[in-house]
Amino acid sequence: MATPDVHVRVCEQELLRYDLEIKALIQDITECDGPQSKLTEINTDVKKHFHNLRLRIQDFERIAMEQDKESDKQALLSQVEGHRKQMLSNQTAWRKANLASKLSIDKMEKQALLNGAVRQRKMTKKGLAQNASDITENLMSISRMMAQQVQQSEETITTIATSSRTIQETNEEFKAMTGTIQLGRKLITKYNRREITDKLLIFLALALFFATVLYILKKRLFPFL
């Protein structure tokens, strides 16, 4: 072709752009370290670019078939075949990059799960140790409380025993005081009876005295009687 067609140049530029963009996306897939959603997003873009590239190749082939000169036609068809081969090569590289990236992401996810399980196990062991420590502390606290309760019970029992002895001693004192009071009452009764007897004897003595005095006076004053 002495004078390249404008449509051919535009189509070639678009094919080159799609090819470079697909290669860049494949590189992104190769370097993708997750997550899986990011890889899926890149693959969606790659599929769109391959679709557009396929359409551009078909347009380029149509332009080649419309050429008047057989030499121009064959030259363009040769380029079309080259672009198809390049597209197939990119598809192969895409599949390989996808496989490698998926394996890498799966490995990292498994490692992350393993690390998480190890951390969880460590945290569980730490939690169990902490729980055991807390339980031991609680048991020690309960033991101290029980010891305090036992001591308080012993003090209470001692106080009750002391109070019982005091009550018993007071009861004995009351009994002794009751005996003393009863003895005093008997003595008072006896003294009261003695007082009556003494008064009676005094009265009889006075009566005898006055009778004697009267008798003597009668003999002296009235001897004739």
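## Exposure of E66 and basis of the model

At 53% relative accessibility, E66 counts as exposed; the term denotes over 50% relative accessible area, whereas buried denotes under 20% and partly exposed the range in between, with a 1.4 Å probe and protein chains only. The model is predicted, so local features need pLDDT of at least 70 and side-chain atom pairs count only at pLDDT 80 or more, while totals for chains, interfaces and linings use all residues. Residues are numbered from 1 along each chain as its sequence is written, and side-chain values use heavy atoms, with hydrogens and water left out.

## Salt bridges

Side chains of opposite charge can pair when their charged atoms come close. A salt bridge is defined here as a side-chain nitrogen of Lys or Arg within 4 Å of a carboxyl oxygen of Asp or Glu, and the count by this rule is 6. E66 takes part in one of them with R62, the closest N and O atoms being 3.3 Å apart; R62 is partly exposed at 44% relative accessibility.

R56 and E14 form another salt bridge, with 2.6 Å between the closest N and O atoms. R56 belongs to helix α2 (residues 36-65) and E14 to helix α1 (residues 6-31), so this pair ties together parts that are 42 residues apart in sequence. Helices are DSSP runs (H or I, at least four residues), numbered from the N terminus. R56 is partly exposed at 23%, and E14 is partly exposed at 22%. A network of salt bridges links E14, R56 and D59.

## Helix α1

The 26 residues of α1 should span 38 Å at 1.5 Å a residue, and the end C-alpha atoms are 38 Å apart, in agreement; the expected span is 1.5 Å times one less than the number of residues. Within α1, E21 and R17 form a salt bridge (3.4 Å, N to O), and the two residues are 4 residues apart, about one helical turn. E21 is partly exposed at 28%, as is R17 at 39%. Buried residues of α1 include V8, C11, L15 and I29.

## The largest nonpolar core

A nonpolar core is a set of buried Ala, Val, Leu, Ile, Met, Phe, Trp, Tyr and Cys residues joined through side-chain atoms within 4.5 Å. The largest has 24 residues, of which I29, V46, F50, L53 and F60 touch the most other members. Helices α1, α2 and α3 (70-221) each give two or more residues to this core, and the largest share, 9 residues, comes from α2.

Beyond its neighbours within four places in sequence, F60 is in contact (heavy atoms within 4.5 Å) with residues including V8, C11, L15, L76 and V80.
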